[in-house]
Amino acid sequence: MDHYFSPKIVSLLELATRVVETEVAPRAAEVDARCEWPAHSMRAFARAGLMGLQVPSELGGHGQGLMGLSVITEAIARACPSSALCFGMHCVGTAVLAAKATQYHKDHYLLPIAQGRHITTLSLSESGSGTHFYLPSTRLAEQDDCYVVDGNKQFITNGGHADSYVMSVAPAAGEGAHSGDFSCLMVDADTQGLNWQQPWAGFGMRGNSSRGLLLEGVRVPKPNLLGEKGDQLWYVFEVIAPFFLMAMAGTYLGIAHAAVEATGQHLRSRRFAHNGESLADVDALQARYAAMWIALEKTRGLLREAAAKGDAAHPDALSYILACKADAGETAVQLTNEAMTLCGGMAYRENSRLAQMLRDARASHVMAPTTDLLKLWLGRALLGVPLL
Ligand SMILES: Cc1cc2nc3c(=O)[nH]c(=O)nc-3n(C[C@H](O)[C@H](O)[C@H](O)COP(=O)(O)OP(=O)(O)OC[C@H]3O[C@@H](n4cnc5c(N)ncnc54)[C@H](O)[C@@H]3O)c2cc1C
């Protein structure tokens with residue numbers, strides 16, 4: 001499917017693949033076993049100049065859209081899904097920043113990001129609204145020359161490690177909490193009043209440092225506000241949703257790809273002593289392996305088409321984008337599960353690579369917008385019913 005790729009994407013993919021092979025893959029098992037945030041991966045992406053993937057080229061970045069993002073997260077996730085999630089959320093945060101950046105945002109955030117000196121990330125989720133991430137109750141109050149923020153956030157990927165947080169907040173005045181009225185604000189990591197909750201030790205994606213954050217009287221300079229009042233739906237559907245969904249779809253496609261690859265290797269190499277036959281010689285397994293490959297390539301096709309339509313601002317893009325994260329999540333869960341069966345007891349042993357993939361893949365169905373919610377929105381979009 002290389003015909004979807006521009007020469008720029010081909011060269012970025014080659015670069016990312018080299019970094020993944022030399023610096024990310026060798027420590028992927030350690031990241032999972034120790035619940036370790038992959039600082040080495042993020043440093044390697046920075047050295048390779050990849051952190052500015054979503055920064056406009058006039059600011060020294062790569063000016064990439066959805067295709068570039070999904071292809072690079074896929075390449076990383078084939079080796080280390082936690083690293084892909086951390087890198088992906090940095091890129092989504094960057095895209096939100098870049099969408100309506102002022103000169104201040106360019107100087108303080110986008111230039112350092114392009115130079116590999118700044119990590120950002122997206123902080124939307126709250127325990128109060130859960131999967132309905134567009135309904136924050138973290139509040140913003142205006143005070144003299146700054147905003148004051150109070151509330152709590154949950155599951156912030158790169159939590160405690162990023163330099164800034166792209167945070168959704170509800171205005172203190174007006175309908176506020178749960179009304180869907182929200183703004184995005186840049187909160188710097190060194191701001192007073194940020195209290196990080198317990199370290200992350202999840203079922204999967206164990207290196208992503210997905211942490212809760214309590215915000216108490218956090219004073220944020222006024223220029224840190226992104227966009228203008230009334231921009232919220234535009235941000236959700238034009239920036240946050242497409243970039244987040246494509247970053248995650250790429251990540252889950254990468255896991256599915258790795259599961260198919262690992263299964264193929266196992267089927268070829270596992271040989272019985274009694275008759276010298278390998279698992280690859282067994283008819284039933286050949287057919288099941290073919291079914292895995294078909295599922296993988298169908299998902300890949302949907303993903304490439306969604307990214308191409310999104311980058312071209314095609315009128316049908318949103319439906320494809322909603323579909324492809326739901327589909328990539330289901331394919332990743334289905335194929336890692338199937339891989340566990342085909343690779344037998346060897347895969348079922350404690351903490352095998354396939355077991356890690358299965359655990360990582362499961363995050364797809366609970367990360368908002370969840371698979372169920374995406375299908376609901378897609379059905380509404382296709383039927384011409386309002387999404388929210
Ligand atoms: C590994 C990981 C990383 C994350 N990283 C980030 C991050 O970087 N930034 C961020 O902001 N958030 C992040 N999140 C949070 C995530 O996006 C969700 O907000 C969170 O997982 C929701 O959990 P919950 O228990 O509150 O779900 P709940 O809202 O309680 O949902 C539980 C289940 O009910 C279903 N459900 C709820 N309402 C409906 C409905 N109306 N129709 C159909 N089904 C429904 C959901 O689909 C889900 O399956 C991350 C989560 C994980 C697991």
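The shell around the ligand takes at least three residues from domain 2 (122–226) and at least three from domain 3 (232–383). Keep in mind that this is a predicted model: local features need pLDDT of at least 70, side-chain atom pairs count only at pLDDT 80 or more, and totals for chains, interfaces and linings use all residues. Residue numbers start from 1 along each chain as its sequence is written.

**Around the ligand**

- Ser 125, Gly 130, Phe 155, Thr 157 and Thr 370 come nearest, out of 24 residues around the ligand; being near here takes a C-beta atom, placed from the backbone, within 6 Å.
- By class, that shell splits into 13 nonpolar, 10 polar and 1 charged. Ala, Val, Leu, Ile, Met, Phe, Trp, Tyr, Cys and Pro count as nonpolar, Asp, Glu, Lys and Arg as charged, and the others, Gly among them, as polar.
- At least two shell residues each come from β1 (120–123), β3 and α12 (371–383). Helices (H or I, at least four residues) and strands (E, at least two) are DSSP runs, numbered from the N terminus.

**Strand pairing**

- β3 (residues 146–156) pairs with β7 (residues 211–221) in the antiparallel sense over 8 bridges; two strands pair if DSSP finds at least two bridges between them.
- Within reach of that pairing, Tyr 147 stands opposite Val 220 in β7.
- β7 also runs antiparallel to β6 (residues 194–196), joined to it by 3 bridges, and Leu 194 sits opposite Leu 215 in β7.

**Domains and their contact**

- The protein chain is assigned domain 1 (2–119), domain 2 (122–226) and domain 3 (232–383), with bounds from an automatic or database domain assignment.
- Taken over C-alpha atoms, the centres of domain 1 and domain 3 are 21 Å apart.
- Their contact uses 24 residues from domain 1 and 26 residues from domain 3, where contact means C-beta atoms, placed from the backbone, within 7 Å.
- On the side of domain 1 that touches domain 3, the elements giving two or more residues are α2 (28–34), α4 (66–77) and α5.
- α4 gives the largest share of that side, 10 residues.
- That side of domain 1 has 17 nonpolar, 4 polar and 3 charged residues.

**Helix α5**

- 18 of the 19 residues of α5 are buried, so to speak "mostly covered"; buried means 20 or more other C-beta atoms within 10 Å of a residue's own, with C-beta atoms placed from the backbone.
- At 1.5 Å a residue, α5 (residues 81–99) should span 27 Å, and its end C-alpha atoms agree at 26 Å apart. The expected span is 1.5 Å times one less than the number of residues.

Terms used:
A residue is buried if 20 or more other C-beta atoms lie within 10 Å of its own, exposed if 12 or fewer, and partly exposed in between; C-beta atoms are placed from the backbone. Two residues are in contact if their C-beta atoms, placed from the backbone, lie within 7 Å.
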